[in-house]
Structure formats: structure tokens, C-alpha cells
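Reader: I would like to learn how to read a model of a protein chain. Please take me through one.

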Amino acid sequence: MDLLNKLENVNSESLLIRIFLPEIVEATNVVYPNKPPELNNEIEKMVDLLNEIVNGNIAEPVLNGNYISFAIVRVASSEKLAFSGIEPHLKFTQKVLERGVKNIYVLAAGEVKPKWAKKLVERLMKDIGLRLEFDDSYSEIYRGKRLNLYCCKLTRGVKT
């Protein structure tokens, strides 16, 4: 029941559900037709991580398991972007990639942040060589308000 409540919370933030499903599909495609017990543990860790992100309780949104491996780059506030630009986001991404993380999700919400997110994605592709799996700009209810949202998935892996 606790897991279902967490999933419902993750689903309530439409931005984050775009992470859960692609990671489940990717992980299950890797192990099919087997179902290793470690996969269930990683799925539970992913739900916990996404739930903590929705609740605003996590500093480093990274899960680097055997089957599920991703980091979330949340585009900073407009004030922070004006002060330091996207460089801290690039450094964070490089750091988690060096630790072996496979997928990078870039998330942004608001009027200005999705534009910064797209600039960040361009730099990640150009400077680090990540490949864009999908990107989506849309308007949705996020934290109680209708906002412009952006989500993309970047990977360094080769499609199988």
C-alpha cells in the first residue's frame, strides 16, 4: 500500500512520471524473459527516489543500479541561472556520468527555465556527446499551478 501511495504521489507531478515509465521499460527489456530479484529492489528504490523528489527532500537525485541507472538534472531557479548559468548543471552531469550513470533526465518548470533546459541539453550533446532519446515541452499542472514544463532523456548508451 505504501508503494502505491508513493506511485500516486509521483504521478501527481506529471513531470516526474516521464522518468518512471521509460526506466521500467528499459530495465525490463534488458532482463526479459528473466526477472532477477534485484530488479524489484531497484524499482522500489526508484519509486522512493522519485517520491522524495516530489516531496522536495533530496539533494542529489541519482540512482545507479545494475538495471536502473539515471540522474535527474533539475534546472535551477532563474536567480541562480542568472548568477552562474548552466555550468553547475554541466559539472553535475559530468560527475554522475563518471560514476557510471547511464541516463540523464533534464527537467524544468516555469516560463524561463525550459529555455535554459534546452540550452543545457544542446551543451550536453555537444560537449559530452550524450544522445537525445526524447524531449517534450508541454503545459501541465505542476505544484498546483499550470506551468510550461520540459522533460528530456539523454543517454550515453547504444540503443539495442
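This is a predicted model: local features need pLDDT of at least 70, side-chain atom pairs count only at pLDDT 80 or more; totals for chains, interfaces and linings use all residues.

Reader: How many helices and strands does the protein chain have?

Author: Elements are DSSP runs numbered from the N terminus: helices are H or I with at least four residues, strands are E with at least two. The protein chain has six helices and five strands. Their order from the N terminus is α-α-α-β-β-α-α-β-α-β-β. The radius of gyration is 15 Å, close to the 15 Å that the globule rule gives for 160 residues, so the chain is as compact as a globular protein of that length. That radius is taken over C-alpha atoms, and the rule is 2.2 Å times the number of residues to the power 0.38. Along its principal axes, the C-alpha trace spans about 45 × 35 × 25 Å.

Reader: What share of the residues is buried?

Author: Buried means under 20% relative accessible area, exposed over 50%, and partly exposed in between (1.4 Å probe, protein chains only). Buried residues make up 44% of the 160.

Reader: And what share of the contacts joins residues at least 24 apart?

Author: A contact means heavy atoms within 4.5 Å. Among contacts between residues at least 6 apart in sequence, 67% join residues at least 24 apart.

Reader: Now the strands. Which strands pair with E5?

Author: Two strands pair if DSSP finds at least two bridges between them. Strand E3 (residues 103-109) runs antiparallel to E5, with seven bridges. Within that pairing, Ala109 has Leu149 as its bridge partner. Strand E4 (residues 131-142) is also antiparallel to E5, over 11 bridges. There, Phe134 stands opposite Lys153.

Reader: How many residues lie between E4 and E5?

Author: Two; the strands form a hairpin, and Arg143 in the turn has a positive phi of about 50°.

Reader: Is E5 largely enclosed or open?

Author: In general, side chains in a regular strand alternate between the two faces of the sheet. In E5 (residues 145-155), eight of the 11 residues are buried, so the strand is largely enclosed by the rest of the structure.

Reader: Take single residues. Is Thr93 buried or exposed?

Author: Thr93 sits in helix H5 (residues 87-98). Its relative accessibility is 0%, so Thr93 counts as buried. Beyond neighbours within four places in sequence, Thr93 contacts Val73, Ile104, Leu124, Ile128 and Leu130.

Reader: Where does Asn66 lie?

Author: Asn66 is in the loop between strand E1 (62-64) and strand E2 (69-74). Asn66 is exposed, with a relative accessible area of 67%. Its C-alpha atom is 26 Å from that of Gly56, 10 residues apart along the chain.

Reader: Which residues does the cis peptide bond join?

Author: Tyr32 and Pro33, with omega of about 5°. Pro33 belongs to the loop between helix H2 (14-31) and helix H3 (37-54).

Note on methods:
Residues are numbered from 1 along each chain as its sequence is written. Side-chain values use heavy atoms; hydrogens and water are left out.
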